[in-house]
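I opened a notebook for a structure that is new to me. The entries below record what I looked up, in the order I went.

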Amino acid sequence: MSETAYERVKLARDSKRPTGLDYIKNIFKGFIEFHGDRRYADDPAIVGGIAKLNNDPVTVIAIEKGHTAKERNYRNFGMPQPEGYRKSLRLMKQAEKFGRPIICFVDTSGAYCGIGAEERGQGQAIAENLLEMSTLCVPIISILIGEGGSGGALALAVADRVWMLQNAVYSVISPEGCASILWKDAAKAETAAASLKLTAEDAKSLGVIERILSENDIGKKEFYDRIRILLTEELKELSSDVDLTQNRYDRFRNLGVSAVVKE
Amino acid sequence: MIADKGSFHELYSNMKANNPLNFPGYNDKIETVRVASSETEAVVCGTAAIGKQKCCLFVMESYFMMGSMGSAVGEKITSLFEYAVQYRLPVIGFTVSGGARMQEGLLSLMQMAKTSAAVKRHSDAGLLYIAVLTDPTTGGVTASFAMEADIILAEPGATVGFAGARVIEQTTKKALPEGFQKSEFVLEHGFIDSIVPRSNQKKYLSELLKMHHSGRAMI
């Protein structure tokens, strides 16, 4: 754990890291992909559908970056359009209807910044996910596997449990963006990365995540087996929680409370 | 002003952000802004009457770090929605914001989820929430409580969007369409209900409150 915060950012962005689809294929069985938001389009940056965790059906949703240049281009480098967020919400509502738990894999530098994305309400799409996820009455577990870029990542992470890979990062703004706004110098990204407290250890100590997943055997069978076992155990616990949505409310309600002084 | 004369009672004026991440320069920045603005944070919350109907009111402040949302802003807005559920009051909110306050890192990002959950509870209680978007309303505030109201109004010519126009231009290398992200453009694309100039807002809001029967008469 000797890497600096900015080294972690670079590791999190590495195109050789397993992507959302790798996790889906290796942890679950019988993945069936569903497409489209039923409003405008299908967004390839977000993949979703149903699969079996051991023998139980779950809804899985992942932001997909792709590995090769062609894939990455097709997936828009994992930067979702509003349609992606609307598709994810549609699938989450479907999960709620059929009593399936929801598992999300998050990996994005952020929601896409484009003319069309703005015209079709990027802000509104993210807001609606945050609003609706807060009261979905099935368990939700979100795992940040690479980059957790601001609202575009949070839109799939209003969950009962949020976990991070050891070298994943989670931040309100990219270190480069922060440095250029605050210090008019994108080269100060290293300072910004350290100041933003964006590593998995930082997120855990701030109470934003519950668990850090080791990357010692990343991409190997044992790695995925371990995550499958952890998910199974955690879902067992969450499924018997009669105060699930109240506990989810409290989980987010308490964040930042200690950062506020009353005088 | 929007509120009836003498009806505004401020809530949570004692809530201030400390510097939870020890972010460089944040203490000095916030102290300077506090002195210059004589406000303690980027939002003022309270109860008020509009056209003799009681409601909860929040007004964000652009001159306080560009209305950015940190832990204190999130806590104040969340507390106000919880108060409104408890006393069964409508909420009217005037937004202005550059987005989440980056000096509070992840904690400011989490305020988007926290305020959204509070808005949802208020909504599920059958209560009315009206947002009035003023210039500019962007970033994490657009992507949370600004876009979650039952009725969303905006002021003429106000910038309303998620990503900053400059960032979009740099990302896409395309010229932005005329009037991009202005309230008229956002209205045309179906994301707000109406554009209401400031001079009409009091009458407009009091009419909406009356039509929802949720405003209690002030005695």
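What follows is my set of entries on the contact between the chains, some strands and helices, the core and a few backbone angles.

**Conventions.** I am working with a predicted model, in which local features need pLDDT of at least 70, side-chain atom pairs count only at pLDDT 80 or more, and totals for chains, interfaces and linings use all residues. Residues are numbered from 1 along each chain as its sequence is written, while chains are lettered from A and ligands numbered from 1 in the order in which they are written.

**Entry 1, where the chains meet.** I began with contacts, meaning residue pairs whose C-beta atoms, placed from the backbone, lie within 7 Å. By that rule, 43 residues of chain A are in contact with 50 residues of chain B. I then listed the elements; helices (H or I, at least four residues) and strands (E, at least two) are DSSP runs, numbered from the N terminus. Those of chain A that give two or more residues to the side touching chain B include α5 (115-119), α6 (122-133), α12 (244-253) and β9 (260-262). The most comes from α6(A), with 7 residues. I sorted the residues of this side of chain A into 25 nonpolar, 12 polar and 6 charged. Here Ala, Val, Leu, Ile, Met, Phe, Trp, Tyr, Cys and Pro count as nonpolar, Asp, Glu, Lys and Arg as charged, and the others, Gly among them, as polar.

**Entry 2, strands across the chains.** Two strands pair if DSSP finds at least two bridges between them. I found β9(A) joined by 3 bridges to strand β2 (residues 15-17) of chain B, and the two run antiparallel. Val260(A) has Ala17(B) as its bridge partner in β2(B).

I asked myself how many of the 12 residues of α6(A) are buried. The count is 11, where buried means 20 or more other C-beta atoms within 10 Å of a residue's own, exposed means 12 or fewer, and partly exposed lies in between, with C-beta atoms placed from the backbone. Among the buried ones are Gln122(A), Glu128(A), Leu130(A) and Met133(A). Their cover includes α4 (82-97), α5, β5 (140-149) and α7 of chain A, and also α3 and α4 (139-142) of chain B.

A nonpolar core is a set of buried Ala, Val, Leu, Ile, Met, Phe, Trp, Tyr and Cys residues joined through C-beta atoms within 7 Å. I noted 151 residues in the largest one, and Leu130(A), Val106(A) and Ile130(B) are among those with the most contacts inside it. Its largest share, 9 residues, comes from α3(B). Val106(A) touches Ile63(A), Leu144(A) and Leu156(A), among others, not counting residues up to four places away in sequence.

I looked at β6 (residues 129-137) of chain B, where 8 of 9 residues are buried. Strand β5 (residues 91-97) of chain B runs parallel to β6(B), joined by 6 bridges, with Val91(B) opposite Tyr129(B). The chain passes from β5(B) through helix α3 (residues 105-124) of chain B to β6(B) in a right-handed β-α-β crossover. Right-handed means that, with the strands pointing away from the viewer, the path from the first strand over the helix to the second runs clockwise. Strand β7 (residues 151-154) of chain B also runs parallel to β6(B), through 4 bridges, and Val132(B) has Leu153(B) as its partner there.

Most residues other than glycine have a negative phi, and most peptide bonds are trans. I found a cis bond between Asp135(B) and Pro136(B), with omega about -15 degrees; Pro136(B) lies in β6 of chain B. Asn76(A) has a positive phi near 50 degrees and sits in the loop between α3 (69-74) and α4 of chain A. Phe77(A), in the loop between α3 and α4 of chain A, has a positive phi of about 55 degrees.

Are Asn76(A) and Phe77(A) buried or partly exposed? Asn76(A) is buried because 20 other C-beta atoms lie within 10 Å, whereas Phe77(A), with 17, is partly exposed.

Key. Contact = placed C-beta atoms within 7 Å.
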